[in-house]
Amino acid sequence: MTEKHLLWNRFIEEICDRDVENLSEIQRTAVLCFWYDAEMNSGGYGSYMDCYPDTDPEELEKAILTVGGKELADNYRKAVSEGEDDDWAETDNAYYDFSPSLCDCLQEYVEKNKTAIFD
């Protein structure tokens, strides 16, 4: 396994299960994106909202913008504001087509911020 894969596994095992209220801003940004991406890949935006109904949309949008960029953040905002009209089909499909994916971007974010994430 590469060092990058070991770091990613460590992030999931050590950081993602912590209470988000106890995380630094950098950790919290990464964890919010991790859980969003995991649920999107599990069942789409509807699944995400079933699991995380108390999500602060502005905070998650900011996290996605920080990690994945404007297009991913805009797609999230569209899912929040208009997605229910078609049961999130358009925004879910757009999410799956992004390249690089949010997960790819997040892995780079974790690598770039490893000192702050694993403090």
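Mentor: Let's start with what counts as lining: a residue lines a pocket if it has an atom within 4 Å of one of the pocket's grid points. Keep in mind, too, that this is a predicted model.

Trainee: Okay, how much space lies in the largest pocket?

Mentor: The general idea first: rolling a probe the size of a water molecule over the atoms shows where empty space is left. Here, the largest pocket holds about 200 Å³.

Trainee: And which residues line the largest pocket?

Mentor: Go and find Val20, Arg28, Val31, Leu32, Trp35, Tyr48, Tyr52, Asp54, Thr55, Asp56, Glu59 and Leu60. Sorted by class, that lining comes to seven nonpolar, four charged and one polar.

Trainee: Which helix gives the most to the lining?

Mentor: That's α2, with five residues. Both α2 (25–51) and α3 supply at least two residues each.

Trainee: Let's move on to charges. How many salt bridges does the structure hold?

Mentor: To read one, look for a side-chain nitrogen of Lys or Arg within 4 Å of a carboxyl oxygen of Asp or Glu. This structure has eleven salt bridges. One of them pairs glutamate 108 with lysine 4, at 2.5 Å from N to O. Glutamate 108 belongs to helix α6 (residues 102–112) and lysine 4 to helix α1 (residues 3–15), so the bridge ties together parts 104 residues apart in sequence.

Trainee: Which residue forms a salt bridge with glutamate 58?

Mentor: Arginine 77, and the closest N and O atoms are 3.8 Å apart. This pair links distant parts of the chain, with glutamate 58 in helix α3 (residues 57–68) and arginine 77 in helix α4 (residues 70–82), 19 residues apart. Arginine 77 has a relative accessible area of 26%, so call it partly exposed.

Trainee: Which residues are linked in a network of salt bridges?

Mentor: Look at Glu3, Glu111 and Lys114, which are joined in such a network.

Note on methods
Residues numbered from 1 in each chain as written. Predicted model: local features only at pLDDT ≥ 70, side-chain atom pairs only at ≥ 80, totals over all residues. Heavy atoms only, no water. Helix = DSSP H or I, 4+ residues; strand = E, 2+ residues; numbered from the N terminus. Buried < 20%, exposed > 50% of the residue type's maximum accessible area, 1.4 Å probe, protein only. 1 Å grid on protein atoms, 1.4 Å probe; cavity = no way out; pocket = protein on both sides within 12 Å on 5 of 7 lines; lining within 4 Å. Points joined across faces, edges and corners; volume = space filled by probe spheres on them. Nonpolar A, V, L, I, M, F, W, Y, C, P; charged D, E, K, R; others polar.
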